[in-house]
Amino acid sequence: MANSVLIVDDAAFMRMMIKEILTKNGYTVVGEASDGAQAVEKYKELKPDLVTMDITMPEMDGITALKEIKKVDSSAKVIMCSAMGQQAMVIDAIQAGAKDFVVKPFQADRVIEAIKKTLG
């Protein structure tokens, strides 16, 4: 069975890009969320194998959402996505339990590498 993924990003075109990369590589996108609060709800509902999480979003940012998801499921696998120049946030994310991070704009091979590494 293909691994299930929840994509979280406030930009619809970014979600579309990630979805395209994932589906081309045999992953199943089970849901999408446009902010951190939605991400936490969808995680509880869908229980995906992996989450790709944008850091900067309205309502609830990615790091807060990551912490909330980790409270629900301590073994949750989350890969953070961030634009260039957000190194401090990336460190926060890793400390909060993120498994890896990919920098925007996405390179398809880097996204897949991070996912394969995270899912083991």
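## Basis

Buried means under 20% relative accessible area, exposed means over 50%, and partly exposed lies in between (1.4 Å probe, protein chains only). This is a predicted model: local features need pLDDT of at least 70, side-chain atom pairs count only at pLDDT 80 or more, and totals for chains, interfaces and linings use all residues. Numbering starts from 1 along each chain as its sequence is written, and side-chain values use heavy atoms, with hydrogens and water left out.

## Helix H2

H2 spans residues 36-46, and its buried residues are Gly 36, Ala 39, Val 40 and Tyr 43. Seen down the axis, they fall within an arc of 100 degrees, so they line one face of the helix. The arc is taken from the directions between the helix axis and the C-beta atoms. Their cover includes strands E1 (4-8), E2 (28-33) and E3 (50-54), and helix H3 (62-72). Helices (H or I, at least four residues) and strands (E, at least two) are DSSP runs, numbered from the N terminus.

Asp 35 caps the N-terminal end: a side-chain oxygen lies 2.9 Å from the backbone nitrogen of Ala 37. Just after H2, Lys 47 has a positive phi of about 45 degrees.

## Thr 52 in E3

Thr 52 belongs to strand E3. Thr 52 is buried, at 2% relative accessible area. Contacts (heavy atoms within 4.5 Å) link Thr 52 to Val 5, Leu 6, Ile 7, Val 8, Ile 18, Ile 79 and Cys 81, leaving aside residues up to four places away in sequence.

## Met 17 in H1

Met 17 sits in helix H1 (residues 12-24). Its relative accessibility is 32%, so Met 17 counts as partly exposed.

Definitions and conventions. Polar contact = N/O pair within 3.5 Å; in protein donor to acceptor, adjacent residues only side chain to side chain.
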